[in-house]
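User: Got a model to go through. Can you walk me through its sheets?

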Amino acid sequence: MNASSYDADVLVVGAGPAGVAAALMAASLKLRAIVVESGPVCGKLHRIGALENVSGNWSTGPHLAEALAADLERLEKSGWCKVVQAYAVKATGHDDRAEIDLADGRVFTSASVVVATGVTELAPSDLEWVSVPAEFSASPLWRATPQELTDRTYVLGADRPLGTWLRAHPDATTPLHVLCPPADRYKAAEVEGDGRIRLVPVSHASISRPAYGNGWMVEVRSDDGAKTVYAAESVLNNLGSRPAGVTGLVSGEDGYCPPSQQHRRIRIAGDLRSARFQRIATAQGSGAETVLASYYETALPTPNGAAR
């Protein structure tokens with residue numbers, strides 16, 4: 001396929017921090033980009049109540065989201081970027097091109113594809129370490145306010161939104177009892193020094209209704225097999241996330257998509273790379289790096305159509 005017939009020089013799937021960073025880098029290199037996003041630009045940032053490890057003096061996720069959305073709008077007006085509201089279903093790499101298939105049947109081609117679809121929230125049914133009844137429903141931790149908490153509030157999982165919530169509510173004093181499975185313990189290490197956290201290591205937890213009264217019964221089995229039952233007034237969901245990639249990618253055992261294992265024309269950016277790299281700052285850096293790497297490694301057309 002002739003490079004001049006590509007729909008874009010770079011296709012970007014996902015308009016979160018990584019996707020926007022990829023589009024910005026593409027524009028700086030005079031590469032035409034198409035950004036495919038099924039929802040609002042940087043929509044997930046609106047769930048983050050505090051930022052302290054992202055440069056730029058951003059106070060909250062929504063604050064940063066507005067700025068990144070404005071960046072993408074500026075790129076569209078400049079003519080170097082086009083945002084397509086659609087659902088991408090498949091990424092494919094070929095010797096002479098990369099493709100993205102959309103749910104509506106359209107196919108976009110380019111020299112390279114950056115997949116930055118991120119992650120989606122886990123439910124108890126997705127995990128083996130927790131059992132809940134059919135009627136169980138738990139609000140996510142990130143939505144909770146300190147006023148809603150009691151000293152019998154339990155949290156399912158020790159994923160990183162736990163630290164974000166603590167930073168967003170520095171004056172909250174009510175302790176959080178956090179059920180922490182083995183897979184979350186390296187994450188919990190980041191907040192275990194906070195006096196408001198009561199970590200409860202578990203190998204399995206069962207949630208059920210009490211015989212009398214309201215709330216929930218939380219039966220915890222520890223690593224050594226011992227069982228303890230707690231009476232919880234409320235249970236919040238903080239189970240973590242799973243990859244939300246398109247088909248056509250190479251996944252590891254954990255479901256994430258190692259960048260080094262993909263086709264040379266398919267680049268992975270942001271949270272989709274690994275559970276250990278779920279940070280806004282690293283997502284932005286990886287988004288920019290994928291485009292820069294493609295710029296040097298792939299023969300991309302210049303604005304006048306000549307190959308480099």
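This is a predicted model: local features need pLDDT of at least 70, side-chain atom pairs count only at pLDDT 80 or more; totals for chains, interfaces and linings use all residues.

User: Which strands does strand 10 join?
Analyst: Strand 10 runs parallel to strand 16 (residues 234–237), with four bridges. Three bridges join strand 10 to strand 11 (residues 176–180), also in parallel. Strands are DSSP E runs of at least two residues, helices H or I runs of at least four, numbered from the N terminus. Pairing takes at least two DSSP bridges.

User: Where do the side chains of strand 10 point?
Analyst: Thr153 and Val155 point one way, Tyr154 and Leu156 the other. All are buried, meaning under 20% relative accessible area with a 1.4 Å probe, protein chains only.

User: What stands opposite Val155?
Analyst: Val178 in strand 11.

User: Switching topic. What is the order of the open sheet of five strands?
Analyst: The order is 3-2-1-7-18, with parallel pairing. Strand 3 (81–85) and strand 18 (266–268) are the edges; each has a single partner strand, so one side of each lacks a neighbour in the sheet.

User: How many bridges between strand 1 and strand 2?
Analyst: Four bridges, linking residues 10–13 with residues 33–37 in the parallel sense. Val12 stands opposite Val35 there.

Notes:
Residues are numbered from 1 along each chain as its sequence is written. Side-chain values use heavy atoms; hydrogens and water are left out. Buried means under 20% relative accessible area, exposed over 50%, partly exposed in between (1.4 Å probe, protein chains only).
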